[in-house]
Amino acid sequence: GVSGEPLLVIEDLSKSFGGVRAVDGLSFAVARGSIVGLIGPNGSGKTTALNLISGALPPLGGEIRLDGDAITGLKPDRIVHRGVARTFQLVRVLGDLSCADNVTAAIAFREQPLWGDEARHQATALLGRVGLDGRDAEPAGNLTYIDSKRLELARALALDPKLLLLDEWLAGLNPTELQEGIALIASLKRDGLTIVMVEHVMDAIRSLCDRCVVMNTGKKIADGTTAEVLADPAVVRAYLGG
Ligand code: ADP
């Protein structure tokens, strides 16, 4: 990697769906070890931006660099191998499999997979890391909503990412679960992970994000420290739909 450059650099990224410019000339950078919030009203292009970074969609134009290397337009499995993992707005776990098998399946997607006992040991450790201690044998389909989110996070961590993309990971939690979820994400940052999170929950944005990038109708309308951005009248107007 290039030590002087931020971990993630996005330059003039764009994507259209038919006539809709979902992402329009988006540029921002994410420093190593930081958490950046990608925020903005519904339909502003946040999920599309995550889909472009993770390779789920090819961009129309622009560049995405990770650790100084272009990853623009690579297939999702190649981007995973470069060190990017994500969670989804609608939780994706394999309901018929045990929690441990969900995680070992993800470990098998690594560039250097682990198998057998090694994979199972690591799965147990990752389940513990997200607060699912001792739940290895439990069918994923039996988990509560928060626990299925924890499992999805363990699956993303199993890919051994440098950069973690969270798509509303903290949405839909009750106040107790939200505090637990915030503490968990904060602990990932302490471990050195770099995170980009699409989020609406203001308490989570305030307590976790070092910086925020604000989108509206595909364009970046603000970019700065979380305090700066949340005090910006243009951001308040966008959220109020004015
Ligand atoms: P956000 O995540 O901020 O809610 P999205 O990225 O989901 O915004 O959507 C941005 C714009 O792109 C919206 O106008 C949405 O309707 C449109 N869009 C997103 N995905 C698709 C798609 N697969 N096909 C057509 N239009 C899409």
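## Buried leucine 52

A residue is called buried when its relative accessible area is under 20%, exposed when that area is over 50%, and partly exposed in between, using a 1.4 Å probe and protein chains only. Leucine 52 is buried, because its relative accessible area is 1%. You will find leucine 52 in helix H1; here helices (H or I, at least four residues) and strands (E, at least two) are DSSP runs numbered from the N terminus.

This is a predicted model, in which local features need pLDDT of at least 70 and side-chain atom pairs count only at pLDDT 80 or more, while totals for chains, interfaces and linings use all residues. Residues are numbered from 1 along each chain as its sequence is written, and side-chain values use heavy atoms, with hydrogens and water left out.

Which residues does leucine 52 touch, not counting those up to four places away in sequence? They are Leu13, Ser14, Lys15, Val23, Leu57, Pro58, Pro59 and Ile64, where contact means heavy atoms within 4.5 Å. Serine 98 is 46 residues from leucine 52 in sequence, and their C-alpha atoms are 31 Å apart in space.

## Around the ligand

Helix H1 (46-54) also takes part in the shell around the ligand: H1 and strand S2 (20-30) each supply at least two residues of that shell. The largest share, 3 residues, comes from H1. The surrounding residues are Phe17, Val20, Ala22, Pro41, Asn42, Gly43, Ser44, Gly45, Lys46, Thr47 and Thr48; a residue is near a molecule or strand if one of its heavy atoms lies within 4 Å of it. By type, the shell has 4 nonpolar, 6 polar and 1 charged residues. In this scheme Ala, Val, Leu, Ile, Met, Phe, Trp, Tyr, Cys and Pro count as nonpolar, Asp, Glu, Lys and Arg as charged, and the others, Gly among them, as polar.

Now for the polar contacts. A polar contact is a pair of N or O atoms within 3.5 Å; within protein, one must be able to donate a hydrogen and the other to accept it, and residues adjacent in sequence count only if both atoms are side-chain atoms. A side-chain N or O atom of threonine 48 is 2.6 Å from an oxygen atom of the ligand. From the backbone, an N or O atom of threonine 47 lies 2.8 Å from a ligand oxygen, and one of glycine 45 lies 3.0 Å from a ligand oxygen. The ligand taken alone exposes 560 Å², of which the protein buries 57%; these areas come from the Shrake-Rupley method with a 1.4 Å probe, and for residues only the protein chains shown count as cover.

## Helix H6 and its cover

Helix H6 (residues 175-190) has 16 residues and spans 23 Å from its first C-alpha to its last, close to the expected 22 Å. That expected span is 1.5 Å times one less than the number of residues. At the N-terminal end, asparagine 174 caps H6, with a side-chain oxygen 3.0 Å from the backbone nitrogen of threonine 176. Glycine 192, whose phi is positive, near 100°, follows the helix.

Which residues of H6 are buried? They are Glu177, Leu178, Gly181, Ile182, Leu184, Ile185, Ser187 and Leu188. An α-helix has 3.6 residues a turn, so residues three or four places apart point the same way. The cover over the buried residues of H6 includes strands S3 (35-39), S7 (163-167) and S8 (194-198), together with helices H4 (116-129), H5 (145-157) and H7 (202-208).

Isoleucine 35 sits in strand S3 and counts as buried because its relative accessibility is 0%. Beyond four places in sequence, isoleucine 35 touches Ile185, Lys189, Ile195, Met197, Leu208, Cys209, Asp210 and Arg211. Valine 196 is 161 residues from isoleucine 35 in sequence, yet they are 5.8 Å apart in space, C-alpha to C-alpha.

## Two positive phi angles

Most residues other than glycine have a negative phi, and most peptide bonds are trans. Aspartate 12, in strand S1 (residues 8-17), has a positive phi of about 55° although it is not a glycine. Leaving aside neighbours within four places in sequence, aspartate 12 is in contact with Gly25, Leu26, Ser27, Gly61 and Gly62.

Glutamate 168 has a positive phi too, of about 50°. This residue lies in the loop between S7 and H6, and glutamate 168 counts as buried because its relative accessibility is 11%.
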